[in-house]
Amino acid sequence: AARRLLHRSRPTQVSPRLVSAALCAATLSLAGGADATCERTLYLTFDTGNMRHAELIATTLARYNAKATFFVANEKTINGDHALDDAWAPYWKARVAEGHAFGSHTWRHGSFRRDEDGRIDYRLADGKIDRLDETALCAEIKRPDARFRELTGRSLDPLWRAPGGRTTPLTLAAANRCGYRHVGWAAAGFLGDELPSDRYPNATLVDQALRKLRDGDVVMAHLGIWSRQDPFAPALDQLLAGLAARGFCFAAPAPADGKRPR
C-alpha cells in the first residue's frame with residue numbers, strides 16, 4: 001500500500017523565497033544552530049492518522065518554533081474515538097493557540113477513485129463506493145471545517161488534502177469552486193512514516209530527507225500510523241535539528257497549487 005501511495009502522490013512544486021529574519025533567529029536559537037543561517041523554507045504538514053504521536057509531534061514542533069499545517073479528518077484514533085470528537089478539543093485548541101494552520105482532509109477519509117457521468121467514485125474504508133456529485137463532494141470537505149470550528153472557535157484555512165494525495169479532475173475542480181485549494185507534497189517531502197520500518201528504518205528516512213529536501217518543499221507525515229512497527233515520530237526531533245542546521249525555517253500555511261502564500 002505504501003508503494004502504491006508513492007506513485008499516487010501528486011508533488012507540490014514551489015519556488016524559492018527568503019523568510020523573515022525574526023523567524024530564522026527564533027528557529028535557530030531553539031534548535032541550537034547558532035552558526036547556521038536561516039535562508040530557506042520548508043512547509044511541514046501532518047495528516048491526522050490515528051493520533052498516536054500527536055502530543056509528541058506538537059512538543060517537537062514547539063521546540064523548534066516550527067509552524068505546520070494540520071490536515072484533519074474524523075479518523076479513528078488509538079483511544080477508540082475519532083480525531084474530531086469532543087475529547088480532542090483541548091489538543092486542537094492548543095495547536096490553534098500556537099499559530100499553526102489547518103486544512104480539511106475530508107470527513108470519512110475515503111479514496112477518490114475516478115470521475116464518471118459527472119460524479120466521483122469515493123471509496124470508503126469498508127470498500128463501499130459512494131458516488132458524489134459536486135454538492136456532496138463539497139459537503140465531505142466542509143464537514144471537518146464546521147466541526148473544527150465547533151471544537152476550537154476557528155475555521156479551517158481554505159486548504160484541503162485528499163487522502164493518499166489521490167485526486168481526480170472533477171474532485172479538484174469541485175473543491176476549488178467550493179473554496180478549497182488542494183495541497184500535495186514534494187517528492188522529497190514524503191517522509192515515509194507509512195513504509196515498513198524493517199526496510200526503511202528511521203535513520204534511513206532522516207538521512208534521505210536531509211539530503212533531498214530543497215527550499216520551498218512541502219513535507220508530509222502523520223500524527224500516527226497503524227501499520228509501522230517502529231514509528232517515525234520520535235525521529236522528527238533529529239530531522240528538524242538537521243534541517244535547521246542546514247539553514248531551513250518551518251512555515252505555515254502550506255502553499256496550495258504550488259504557489260507560496262503571500
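This is a predicted model: local features need pLDDT of at least 70, side-chain atom pairs count only at pLDDT 80 or more; totals for chains, interfaces and linings use all residues.
**Entry 1**

Residues are numbered from 1 along each chain as its sequence is written, and side-chain values use heavy atoms, with hydrogens and water left out.

For my own reference, strands (E, at least two residues) and helices (H or I, at least four) are DSSP runs numbered from the N terminus. Two strands pair if DSSP finds at least two bridges between them.

I then looked up the rest of the sheet: it is open, has three strands in the order 4-5-6, and pairs antiparallel. Strand 4 (111-116) and strand 6 (129-132) are the edges, each pairing on one side only. From one strand to the next the twist averages 25°.

Across the hairpin I noted two facing pairs. Arg 114 stands opposite Asp 121 in strand 5, and Phe 112 stands opposite Tyr 122 in that strand. The hairpin has two residues between strand 4 and strand 5, and Asp 117 takes a positive phi near 55° there.

**Entry 1: helices on the sheet**

Which strands does helix 5 lie across? I found helix 5 (residues 134-152) across strand 4, strand 5 and strand 6, running at about 115° to strand 6. Helix 6 (residues 169-177) lies across strand 4 and strand 5, at about 100° to strand 4. Axes here are lines fitted to C-alpha atoms, for helices over the stretch in contact, and angles run from 0 to 180 degrees between N-to-C directions. Contact means heavy atoms within 4.5 Å.

**Entry 2: helix against helix**

I looked up how helix 5 and helix 6 pack: the angle is about 70° and the axes are 9 Å apart. Helix 5 and helix 6 are therefore roughly perpendicular. (Under 35 degrees counts as roughly parallel, over 145 as roughly antiparallel, 65 to 115 as roughly perpendicular, and the rest as oblique.) On the helix 5 side I see Glu 134, Leu 137, Cys 138 and Ile 141, meeting Thr 171, Ala 174, Ala 175 and Arg 177 of helix 6. By class, that contact has five nonpolar, one polar and two charged residues. The classes: Ala, Val, Leu, Ile, Met, Phe, Trp, Tyr, Cys and Pro are nonpolar, Asp, Glu, Lys and Arg are charged, and the others, Gly among them, are polar.

Helix 4 (residues 89-97) also meets helix 5, with axes that come within 9 Å and cross at roughly 90°. That makes helix 4 roughly perpendicular to helix 5. Ala 89, Trp 92, Lys 93 and Val 96 of helix 4 make the contact with Phe 148, Leu 151 and Thr 152 of helix 5.

**Entry 3: cavities**

How many cavities of 30 Å³ or more does the whole structure hold? The search finds two. On a 1 Å grid over the protein atoms alone, a cavity is a set of points where a 1.4 Å probe fits but cannot get out, and lining residues have an atom within 4 Å of a point. Points are joined across faces, edges and corners, and a volume is the space filled by probe spheres set on the points.

The largest cavity holds about 110 Å³. Of its 15 lining residues, the closest to the centre are His 53, Asp 193, His 222, Phe 232 and Ala 233. I get ten nonpolar, three polar and two charged residues in that lining.

The second largest cavity holds about 30 Å³. Its lining includes Leu 44, Phe 46, Leu 191, Met 220 and Leu 239. Strand 1 (40-47), strand 9 (218-222) and helix 8 (236-245) each supply at least two of the lining residues. By class I have eight nonpolar, one polar and no charged.

I found a cis peptide bond between Ala 252 and Pro 253, with omega about 5°. Pro 253 lies in the segment after strand 10 (248-250). Met 51 has a positive phi, near 70°, though not a glycine. I placed Met 51 in the loop between strand 1 and helix 3 (54-63).

Terms used. On a 1 Å grid over the protein atoms alone, a cavity is a set of points where a 1.4 Å probe fits but cannot get out, and a pocket is an open set with protein on both sides within 12 Å along at least five of seven lines; lining residues have an atom within 4 Å of a point.
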